[in-house]
Every structure is written in structure tokens, then in C-alpha cells.
Amino acid sequence: MSIVYINGENLTIKDIVNVARKNYEVKLTDEAVEKVKKARRIVDEFVENEKVVYGITTGFGKFSDIAISKEETKQLQRNLIISHSCGVGKPFDEDIVRAIMLLRANALVKGYSGIRLSTLSTLVEMINKGVHPIIPQKGSLGSSGDLAPLAHMVLVMLGEGEAIYKGERLPGKIAMERAGIDTIELTSKEGLALINGTQVMTAVGALTVYDAIKVMKMADISAAMTLEALNGITDAFDERINMVRPHKGQRDSAKNLLKLTKGSKLTTRQGEIRVQDPYTLRCIPQIHGGSRDAINYVEEKVKIEINSATDNPLIFANEKDVLSGGNFHGQPMALAFDFLGIALSELANVSERRIERLVNPQLSGLPAFLTEKGGLNSGFMIAQYAAAALVSENKVLSHPASVDSIPSSANQEDHVSMGTIAARKAKEILDNVINVLAIEILAAAQAIDFKNSDDLGEGTKIAYDMIRNEVPTLHEDRIMNIDINKCAFLIKNHKIVDEIENRLGELN
């Protein structure tokens, strides 16, 4: 059994993917266990002495000035979860739910939350035994943390709500019983510790960033195929050009293009056919590179957030102190995920323009819409429409969520991040990008068939062969969405990128 050990300090995005999608087991380190116990002792001491501390012996939000007796602390924490379970809309996919649970557990093991070890262990046991709470996607303001969606996660721990267990949607209590996990009763600070954080937006964003890095490489692959289909000029990718404007993303993309087209007899040199290409071919390193740099920036922000304590209040056990602050506020991630969405949108934007060059005979020198019998057949005419529709939708989705704020809790929480909306939008944009790239590689493969696929470069030939293994050349009109979906599957599951990297070495 593969295991990811968590201590709140060194979780990686790859670890998240392994737990979320490959069902790796999660275990706490011994050091983490001691930190959790130490922080809990401080909470118990404050409750016993009835010291006034936000969220431990007081109400929440606007009710923070109302004291709660130690006899009422259990009811307070249960009421918190029940009242905050206000999520609406479709539930998150199971891989995102697993990532949410993992990230919340990783934040709790840092030892600043004051949760009991037994309660934390229940959450970890749910991950390991595959009890996945139904968590509605909508209802979070992104501060104070992802309150509503995380409350739905906790409902199942209490034997409430619903969960997926072994593919079946069940009442939470029954799912826990079938998995052999005891439900719990929350006590002081625990409900707040479980829901006061940015783990929903960060889970969605972390998985989206992981996929975006792969899709970023795929964009270079699809562009390289189109470049060859249109006899593009490779001089534009010369290292000397990129050294005098040394943005890392630009340099990496240019290197990928040259690596993928190495040995090609379809690419040309400047002056052989034309002096220079249009921007969508000549400026691929600059356009893709800008998105690369943006996505890499977001990745660094995610790496920080997945190992952060985002509670309020925070327990500092060594000093026996409790401090109220704002680490739950999602603004650092909201801005990053908006940026991610914009960066991904541009990959589809330029891809659609390359598709237009492939299907337009005035630009390509190829048969109109890449069909042998135009008029009788429409070929790729409407495939380009679909790509254009997806790109236009992405432009709407790219409007930043983080520029909005609606005060809540009677103006106690008077600026919120909308970071979870930003993360969800970025994921939706990514899905659209995958489909646009699927249309491009399908069209590029069709264009290459009017030439000689044996003349392709080392990397593009691998991609072409994988496409043709799934989708035959289009000779007469057929249902195109079937072909598009097959190519989208290859991209979404990173099959083309992984195969090229296995055979040629890692792409930048």
C-alpha cells in the first residue's frame, strides 16, 4: 500500500494527486501527533478555566461577544456545523473531495488548531476507507474560510449529511457504518477547527494547477503539430532570440517546440517558403510562455497554502497563547486562481486561431475545412465553431472573482475573497481548454494527412500516431464530437504528454 505521511509542513501537489486520484493511504507522523495533543491541552485548559477565547468559549462571527459556558461547548460546535451546512449546487467530484479532506487534515496536524487527535483520526480514516462526503460546490465566500462546503464534509463525521461509499450515494450515518468508522461528537473548538480554512478553494486549485502544467506541455505539442501542418518556420524559436528576452516560460516553450519537431521534413527555414509566419505560429513561445510563467507563479502560491495553518483563532502551544487573526482569508489564493484562469484562457485563445489557419484555405493552402469533397462534406467547419464558442465562454469566465466582495455576518466579515469561485472557474476554463486543444490536434492530424506523416518530427510523430490509433482520417462527414471526445480523453488523462516524455525525456 502506498502511503503519504502528513505533518503539516511538506505536503506536495504530487502527494495530493496520489491521495485524491490514486487512493494512497494517509498517515500522521509521530511528531504531528504530539503537536496535535499539545495544542489540545491548551484548549481544554481554557475551557476548564472558562477563559474568554473566540470560538472556544464564545459564539461566532457577529456573535463573538456572546460567552458560552463549558457545559454548552458541545452544543455550540454541533450547531456550528448544522447551521453552516448551506451549500448548494452540484457536488464536487470525488477526487476533489479527497483532496479537500487531505488538505484539512494536513492543516490540522500543524498543531495550531486545537482539535482532538481522535477527531482528526476519524477524518483520516474516512480518506483511507473511501467515505467521501457530498460537498456542494457553491456557497463559499472564501472567508472566513470555506465555511459552508467544509461544514458538509463534517456532517458525515457526525453521522449526518450524505456520502459516496464504494460508488453508492448513502446517508452519512450508513456510509460510516458500512466503512466501519465510528461517528463522533464534537467538543470545544473542534467544529471551528474543521471548517475555518481555505482547503476547498485550495483543493480545487491544486488539482487544476497539476493538470494545467500538463496541459501547458500539451499546448506546445498541439502547436508543434499545427506548425508542421502549415510548414511553419522554426527560426523564430532560435535560442538567441529567447536569450535576449529571457523569460523562463518563453525559453522553455521554444525549447519544447524544437525538441518536438526535431528531424521534421515539414517545418521550414525563413525565406524557403515565406520570410516569416503569422503571430499564432511565430509567437508561440511568447504567448505560451506568458501563460507558463503565470501558471508556475500560481503553483508556488499553492505550495505555500497547502502547508499553512488557516484557522482562527490559532493555538500557540509553546506560549500557551491563543490569537485571533485572518489566515482564513482567501485573498492570496483568489488572486492566484483568477490569474490561473486568465493564463489558461490564452492557451485556448491562440489554439483556436491556429485551428482557423488550418481550416481556412486562404491561410493554409490546404483543402477548405480539411475535407477532400468540400460542399458535399463540411469537414472541420463546425469543429472550428465549437472551438470559438469555448474560447468565447472562457473570456466570460476569466472575469476575476476576486474583485468582488459582499459583506457578511452583519458587516463583521466586511471583505471576502470569493476565492472558491475563482478556483472553480479556473477548473471550468481548463476543461474548455482541453476541448479546444482536442479540436486542434484532430485538425492538425487531418491536415498532416494531406502531406506525409512520416515526415513529422520525433515528438509530433508520437502524438500523431496516438491520435490516429483512436481516430481515423476523416474522408466523409461523421459525428465529430465522438472524435473530439476521444482526443480530449488523451489530453485530460495526460496520455500524449506522458508517452512523449517517456520516449524523448521530460519536456520543459
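## Cysteines

In this predicted model, C283 has a relative accessible area of 19%. The cut-off for a buried residue is under 20%, so C283 counts as buried. C86 has a relative accessibility of 51%. Exposed means over 50%, and C86 is therefore exposed. The number of disulfides in the structure is 0.

## The nonpolar core

In soluble globular proteins, nonpolar side chains tend to be buried together. The largest nonpolar core here has 148 residues. Within this core, V131 and I496 touch the most other members. Helix α9 is its biggest contributor, giving 19 residues. A separate core of 10 residues lies apart from it, including A39, V53, I315 and A317.

Which residues does I496 touch, leaving aside those up to four places away in sequence? They are M218, I221, I441, A463, M466, I467 and L490.

## The second largest pocket

Rolling a probe the size of a water molecule over the atoms shows where empty space is left. The second largest pocket holds about 430 Å³ of space. Its lining is made of 22 residues, and R21, D95, D211, K492 and H494 are the closest to the centre.

Which helix gives the most to this lining? Helix α9 does, with 6 residues. At least two lining residues come from each of α1 (13–22), α4 (94–108), α9 (199–229), α17 (419–448) and α19 (480–492). By residue class, the lining has 11 charged, 8 nonpolar and 3 polar members.

How values were computed
Residues are numbered from 1 along each chain as its sequence is written. This is a predicted model: local features need pLDDT of at least 70, side-chain atom pairs count only at pLDDT 80 or more; totals for chains, interfaces and linings use all residues. Side-chain values use heavy atoms; hydrogens and water are left out. A disulfide is a pair of cysteine sulfur atoms within 2.5 Å. Buried means under 20% relative accessible area, exposed over 50%, partly exposed in between (1.4 Å probe, protein chains only). On a 1 Å grid over the protein atoms alone, a cavity is a set of points where a 1.4 Å probe fits but cannot get out, and a pocket is an open set with protein on both sides within 12 Å along at least five of seven lines; lining residues have an atom within 4 Å of a point. Grid points are joined across faces, edges and corners, and a volume is the space filled by probe spheres set on the points. Helices (H or I, at least four residues) and strands (E, at least two) are DSSP runs, numbered from the N terminus. Ala, Val, Leu, Ile, Met, Phe, Trp, Tyr, Cys and Pro count as nonpolar, Asp, Glu, Lys and Arg as charged, and the others, Gly among them, as polar. A nonpolar core is a set of buried Ala, Val, Leu, Ile, Met, Phe, Trp, Tyr and Cys residues joined through side-chain atoms within 4.5 Å. Contact means heavy atoms within 4.5 Å.
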